[in-house]
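Subject: Structure handover

Hello,

Here is the structure you will be taking over. Please look through it first, then read the notes below it.

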Amino acid sequence: MKMSEESEMEYSDSAQDTDDELKEAFAAGLLKPGLNVVGEAPSRKEFKNNVIALNQKLLELKKSLPWVERLDMINAPAPIAPELAYKEEQHGKERQKILGQSKAGGSLEEDLIHNDFKREMLFYRQAQSAVLEGIQRLKSMNIPTKRPGDYFAQMAKTDDHMQKIRQKLLTKQQVQEKTEKVKKLRELKKYGKKSSNRSTTESTERKEATYGGGEEVQKREKR
């Protein structure tokens with residue numbers, strides 16, 4: 001017991017001496033900052049909202065273009081259509097049923113899946129409203145919104161490139177037709193083989209029945 005107590009005291013003294021030496025060396029600048037950190041932990045990083053710099057960058061990026069070149073819209077979502085309202089209601093009922101059966105439970109208002117569905121519906125209504133208002137605004141400016149029937153535009157790809165694509169599609173179609181034809185021939189061959197075997201079996205059975213009956217008649221006549 002005395003030996004163990006003495007060894008523990010020596011270990012604690014040596015550890016204390018080592019800590020003191022490290023602190024003195026770090027204070028003297030002999031140790032570089034690393035794993036040994038003295039003092040309080042660094043405070044949480046603060047993000048600065050530099051409004052002046054943000055406005056300056058906005059002015060640099062902003063361009064004074066007419067609305068027809070920007071086509072930006074600020075509008076409220078369009079009224080929800082009856083079929084969309086029905087879909088949302090049905091989705092809510094399905095999710096409520098699933099939540100009721102799950103162990104975690106939870107309310108429909110806190111369900112992430114249903115909230116995502118409602119968010120997508122809101123995006124759809126927002127885009128719908130922007131399109132409806134945008135088209136009316138373009139018509140008021142006498143700007144056509146539909147392509148004319150005799151409209152001609154140059155193709156983005158050359159005729160040679162499109163010819164190669166047509167040839168590739170045609171080759172693919174021919175290979176597919178050939179594969180289907182071979183498959184049908186194999187099926188017909190299998191069916192013909194089965195029919196031939198069936199006919200042979202039936203013929204053999206008829207012959208056996210015929211010859212068997214004749215032999216029985218001969219045996220009766222001999223008796």
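The term pLDDT stands for the predictor's confidence in each residue, on a scale from 0 to 100. It comes up at the start because this is a predicted model. Among the elements of the chain, helix H1 (residues 2–27) has the lowest mean pLDDT, 59, while H5 has the highest, 93. Over residues 1–7 the pLDDT is below 50, and this stretch has zero contacts in the model beyond near neighbours in sequence. Where pLDDT is low, the predicted coordinates should not be read in detail. For the chain, the mean pLDDT is 79, and 78% of the residues reach 70 or more.

Overall layout

The chain contains six helices and zero strands, so the order of its elements from the N terminus reads α-α-α-α-α-α. Of its 223 residues, 7% are buried. The accessible surface of the chain is about 21,500 Å², and carbon and sulfur atoms account for 56% of that. Among contacts in the chain with a separation of 6 or more, 55% are between residues 24 or more positions apart.

Helix H5

Does the length of H5 agree or disagree with what its residue count predicts? H5 covers residues 112–140, which is 29 residues, and at 1.5 Å a residue it should span 42 Å. The expected span uses one less than the number of residues. The end C-alpha atoms of H5 are 42 Å apart, so the two values agree.

The buried residues of this helix are His114, Met121, Ser129, Gly134 and Leu138. They pack against helix H3 (67–70) and helix H4 (82–101).

Arg95 is a residue of helix H4. Is Arg95 buried or exposed? Its relative accessible area is 13%, and buried means under 20%, so Arg95 counts as buried. Leaving aside residues up to four places away in sequence, Arg95 touches Leu108, Asp111, Ile113 and His114. One of these, His114, is also among the buried residues of H5.

Another arginine, Arg137, has its charged end over the ring of Trp67, 4.1 Å from the ring centre. As for aromatic pairs, a search of the whole structure finds zero.

Which residue lies 7.2 Å from Pro79, C-alpha to C-alpha, while being 46 residues apart from it in sequence? That residue is Arg125.

Leu71 is in the loop between H3 and H4 as well. Its relative accessibility is 48%, so it counts as partly exposed. Leu71 is not a glycine, yet it has a positive phi of about 55°. Most residues other than glycine have a negative phi.

Like Leu71, which has a positive phi, Asn142 is not a glycine and takes a positive phi, here of about 60°. The relative accessible area of Asn142 is 70%; the cut-off for exposed is over 50%, so Asn142 is exposed.

Regards

How values were computed: Residues numbered from 1 in each chain as written. Predicted model: local features only at pLDDT ≥ 70, side-chain atom pairs only at ≥ 80, totals over all residues. Heavy atoms only, no water. Helix = DSSP H or I, 4+ residues; strand = E, 2+ residues; numbered from the N terminus. Buried < 20%, exposed > 50% of the residue type's maximum accessible area, 1.4 Å probe, protein only. Contact = heavy atoms within 4.5 Å. Phe/Tyr/Trp six-rings, centres within 6.5 Å; stacked < 30°, edge-to-face > 60°. Lys NZ or Arg CZ within 6 Å of the ring centre and 35° of its normal. Areas by Shrake-Rupley, 256 points an atom, 1.4 Å probe, with all protein chains shown as cover.
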